[in-house]
Amino acid sequence: MNDLFDGILLGLGVCVPFGPVNILILSYALKSFKNAFALGFGAFVADLLYLSLLSFSVLEFIKNDLFLNILSIFGFIFLSYLAFLMLKPVKDINLHKNLENTNIFSNFIKGFLLNLANPYVITFWLSVATMLSTKQNPIYLFLGLSVSILIWIFSLSFFVYKYTNLFSIKVLKIINIISAFILEYFAIMLVLRRFYDF
(Lines give C-alpha, C1' and ligand atoms only; values in the text may rest on other atoms or scores of the structure.)
Protein backbone atom coordinates (compact mmCIF):
# COMPACT_ATOMS: atom_id res chain seq x y z
CA MET A 1 0.00 0.00 0.00
CA ASN A 2 2.94 2.33 0.59
CA ASP A 3 3.95 2.00 -3.05
CA LEU A 4 0.38 2.81 -4.15
CA PHE A 5 0.32 5.90 -1.94
CA ASP A 6 3.76 6.96 -3.22
CA GLY A 7 2.47 6.60 -6.79
CA ILE A 8 -0.58 8.78 -6.06
CA LEU A 9 1.59 11.50 -4.51
CA LEU A 10 4.07 11.30 -7.39
CA GLY A 11 1.23 11.56 -9.91
CA LEU A 12 -0.12 14.68 -8.21
CA GLY A 13 3.38 16.14 -8.14
CA VAL A 14 3.61 15.58 -11.90
CA CYS A 15 0.27 16.99 -13.01
CA VAL A 16 -0.79 19.70 -10.55
CA PRO A 17 1.91 22.32 -11.40
CA PHE A 18 0.65 24.44 -14.32
CA GLY A 19 2.80 23.59 -17.30
CA PRO A 20 1.91 23.69 -21.02
CA VAL A 21 -0.50 20.72 -20.85
CA ASN A 22 -2.54 22.14 -17.96
CA ILE A 23 -2.68 25.56 -19.62
CA LEU A 24 -4.11 24.00 -22.78
CA ILE A 25 -6.56 21.78 -20.88
CA LEU A 26 -7.85 24.85 -19.04
CA SER A 27 -8.23 26.85 -22.27
CA TYR A 28 -9.94 24.01 -24.15
CA ALA A 29 -12.23 23.17 -21.21
CA LEU A 30 -13.71 26.68 -21.38
CA LYS A 31 -15.33 25.54 -24.64
CA SER A 32 -15.48 21.73 -24.64
CA PHE A 33 -15.00 19.07 -21.97
CA LYS A 34 -14.40 16.32 -24.54
CA ASN A 35 -11.61 18.18 -26.32
CA ALA A 36 -9.92 19.21 -23.07
CA PHE A 37 -10.00 15.66 -21.73
CA ALA A 38 -8.82 14.24 -25.08
CA LEU A 39 -5.83 16.58 -25.05
CA GLY A 40 -4.95 15.65 -21.46
CA PHE A 41 -5.40 11.96 -22.19
CA GLY A 42 -3.08 12.25 -25.20
CA ALA A 43 -0.39 13.74 -22.96
CA PHE A 44 -0.99 10.92 -20.46
CA VAL A 45 -0.55 8.26 -23.17
CA ALA A 46 2.77 9.88 -24.19
CA ASP A 47 3.83 9.71 -20.53
CA LEU A 48 2.95 6.01 -20.36
CA LEU A 49 4.80 5.35 -23.61
CA TYR A 50 7.97 6.98 -22.33
CA LEU A 51 7.73 5.23 -18.96
CA SER A 52 7.18 1.83 -20.59
CA LEU A 53 10.06 2.22 -23.04
CA LEU A 54 12.41 3.56 -20.37
CA SER A 55 11.49 0.74 -17.97
CA PHE A 56 12.63 -1.77 -20.58
CA SER A 57 15.74 0.28 -21.45
CA VAL A 58 14.51 0.79 -25.01
CA LEU A 59 15.34 4.52 -24.99
CA GLU A 60 19.00 4.39 -23.99
CA PHE A 61 19.76 6.74 -26.90
CA ILE A 62 17.95 9.62 -25.14
CA LYS A 63 21.22 10.42 -23.39
CA ASN A 64 22.51 11.49 -26.80
CA ASP A 65 22.88 15.30 -26.95
CA LEU A 66 21.94 15.47 -30.64
CA PHE A 67 18.62 13.71 -29.99
CA LEU A 68 17.78 16.02 -27.07
CA ASN A 69 18.73 19.09 -29.14
CA ILE A 70 16.43 18.05 -32.00
CA LEU A 71 13.63 17.28 -29.54
CA SER A 72 14.03 20.70 -27.88
CA ILE A 73 13.81 22.51 -31.24
CA PHE A 74 10.75 20.49 -32.24
CA GLY A 75 9.19 21.23 -28.83
CA PHE A 76 9.83 24.97 -29.30
CA ILE A 77 8.18 24.98 -32.75
CA PHE A 78 5.18 22.93 -31.61
CA LEU A 79 4.57 25.02 -28.46
CA SER A 80 4.88 28.23 -30.47
CA TYR A 81 2.34 26.90 -32.96
CA LEU A 82 -0.11 26.08 -30.14
CA ALA A 83 0.45 29.55 -28.65
CA PHE A 84 -0.38 31.07 -32.05
CA LEU A 85 -3.62 29.06 -32.19
CA MET A 86 -4.58 30.42 -28.76
CA LEU A 87 -4.59 33.96 -30.19
CA LYS A 88 -7.43 33.21 -32.61
CA PRO A 89 -10.43 35.45 -31.78
CA VAL A 90 -13.12 34.01 -29.51
CA LYS A 91 -16.46 34.23 -31.31
CA ASP A 92 -19.44 35.68 -29.50
CA ILE A 93 -21.53 32.50 -29.60
CA ASN A 94 -22.59 29.75 -27.22
CA LEU A 95 -19.28 28.81 -25.64
CA HIS A 96 -20.22 25.18 -24.97
CA LYS A 97 -20.89 24.61 -28.67
CA ASN A 98 -17.80 26.43 -29.90
CA LEU A 99 -15.55 23.37 -30.03
CA GLU A 100 -18.03 20.50 -29.93
CA ASN A 101 -17.63 19.81 -33.65
CA THR A 102 -13.86 19.76 -33.68
CA ASN A 103 -11.99 16.51 -34.03
CA ILE A 104 -11.41 14.90 -30.61
CA PHE A 105 -8.68 12.70 -32.09
CA SER A 106 -6.73 15.75 -33.31
CA ASN A 107 -6.77 17.13 -29.76
CA PHE A 108 -5.57 13.76 -28.46
CA ILE A 109 -2.67 13.97 -30.95
CA LYS A 110 -1.87 17.54 -29.82
CA GLY A 111 -1.57 16.41 -26.21
CA PHE A 112 0.44 13.35 -27.23
CA LEU A 113 2.92 15.37 -29.32
CA LEU A 114 3.16 18.07 -26.66
CA ASN A 115 4.56 15.65 -24.08
CA LEU A 116 6.45 13.61 -26.65
CA ALA A 117 8.37 16.72 -27.77
CA ASN A 118 9.44 17.77 -24.28
CA PRO A 119 12.89 16.49 -23.25
CA TYR A 120 12.15 17.35 -19.61
CA VAL A 121 9.26 14.89 -19.68
CA ILE A 122 11.71 12.18 -20.77
CA THR A 123 14.14 13.12 -18.00
CA PHE A 124 11.38 12.96 -15.40
CA TRP A 125 10.14 9.55 -16.55
CA LEU A 126 13.72 8.27 -16.61
CA SER A 127 13.93 9.00 -12.87
CA VAL A 128 10.52 7.35 -12.34
CA ALA A 129 11.64 4.26 -14.28
CA THR A 130 14.70 4.08 -12.02
CA MET A 131 12.43 4.38 -8.97
CA LEU A 132 10.19 1.60 -10.28
CA SER A 133 13.17 -0.73 -10.56
CA THR A 134 13.94 -0.26 -6.85
CA LYS A 135 10.41 -1.02 -5.60
CA GLN A 136 9.24 -4.42 -4.39
CA ASN A 137 5.80 -3.85 -5.93
CA PRO A 138 6.38 -1.47 -8.86
CA ILE A 139 2.93 -2.22 -10.30
CA TYR A 140 1.31 -0.44 -7.33
CA LEU A 141 3.47 2.65 -7.81
CA PHE A 142 2.58 2.64 -11.51
CA LEU A 143 -1.13 2.16 -10.73
CA GLY A 144 -1.21 5.00 -8.18
CA LEU A 145 0.64 7.27 -10.60
CA SER A 146 -1.75 6.52 -13.47
CA VAL A 147 -4.93 6.89 -11.42
CA SER A 148 -3.94 10.25 -9.89
CA ILE A 149 -2.95 11.71 -13.29
CA LEU A 150 -6.23 10.58 -14.90
CA ILE A 151 -8.30 11.95 -11.99
CA TRP A 152 -6.53 15.31 -12.30
CA ILE A 153 -7.08 15.49 -16.09
CA PHE A 154 -10.77 14.64 -15.69
CA SER A 155 -11.31 17.02 -12.76
CA LEU A 156 -9.60 20.01 -14.39
CA SER A 157 -11.48 19.46 -17.67
CA PHE A 158 -14.84 18.84 -16.01
CA PHE A 159 -14.92 21.62 -13.43
CA VAL A 160 -13.61 24.34 -15.74
CA TYR A 161 -16.17 23.30 -18.39
CA LYS A 162 -18.96 23.05 -15.82
CA TYR A 163 -18.46 26.64 -14.67
CA THR A 164 -17.74 28.25 -18.03
CA ASN A 165 -20.89 30.33 -17.57
CA LEU A 166 -18.98 32.36 -14.97
CA PHE A 167 -16.73 33.68 -17.75
CA SER A 168 -17.67 36.43 -20.19
CA ILE A 169 -16.36 36.64 -23.77
CA LYS A 170 -14.01 39.43 -22.69
CA VAL A 171 -12.58 37.28 -19.88
CA LEU A 172 -12.13 34.36 -22.30
CA LYS A 173 -10.17 36.57 -24.69
CA ILE A 174 -7.90 37.65 -21.84
CA ILE A 175 -7.43 34.01 -20.72
CA ASN A 176 -6.53 32.99 -24.29
CA ILE A 177 -3.97 35.81 -24.61
CA ILE A 178 -2.41 35.04 -21.23
CA SER A 179 -2.35 31.30 -22.08
CA ALA A 180 -0.62 32.04 -25.40
CA PHE A 181 2.09 34.06 -23.66
CA ILE A 182 2.59 31.35 -21.03
CA LEU A 183 2.93 28.68 -23.73
CA GLU A 184 5.44 30.83 -25.60
CA TYR A 185 7.36 31.33 -22.34
CA PHE A 186 7.62 27.54 -21.97
CA ALA A 187 8.70 27.26 -25.63
CA ILE A 188 11.49 29.83 -25.18
CA MET A 189 12.63 28.35 -21.86
CA LEU A 190 12.83 24.92 -23.50
CA VAL A 191 15.48 26.23 -25.90
CA LEU A 192 17.29 28.45 -23.38
CA ARG A 193 17.64 25.64 -20.84
CA ARG A 194 18.82 23.18 -23.45
CA PHE A 195 21.30 25.33 -25.36
CA TYR A 196 22.31 28.07 -22.93
CA ASP A 197 22.01 26.43 -19.47
CA PHE A 198 19.54 29.16 -18.53
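Which residues of the largest nonpolar core touch the most other members? This is a predicted model, in which local features need pLDDT of at least 70 and side-chain atom pairs count only at pLDDT 80 or more, while totals for chains, interfaces and linings use all residues. Residues are numbered from 1 along each chain as its sequence is written, and side-chain values use heavy atoms, with hydrogens and water left out.

A nonpolar core is a set of buried Ala, Val, Leu, Ile, Met, Phe, Trp, Tyr and Cys residues joined through side-chain atoms within 4.5 Å, where buried means under 20% relative accessible area with a 1.4 Å probe and protein chains only. The largest such core has 41 residues, and L24, W125 and L183 are the ones that touch the most other members. Among the elements that give two or more residues to this core are helix 1 (2–15), helix 6 (119–134) and helix 7 (138–162), a helix being a DSSP run of H or I with at least four residues, numbered from the N terminus.

Contact means heavy atoms within 4.5 Å, and W125, apart from residues up to four places away in sequence, touches D47, Y50, L51, L54, L145 and I149.

Helix 7 also holds S148, which counts as buried because its relative accessibility is 5%. Leaving aside neighbours within four places in sequence, S148 is in contact with G7, I8, G11, L12 and C15.

Terms used:
Buried means under 20% relative accessible area, exposed over 50%, partly exposed in between (1.4 Å probe, protein chains only).
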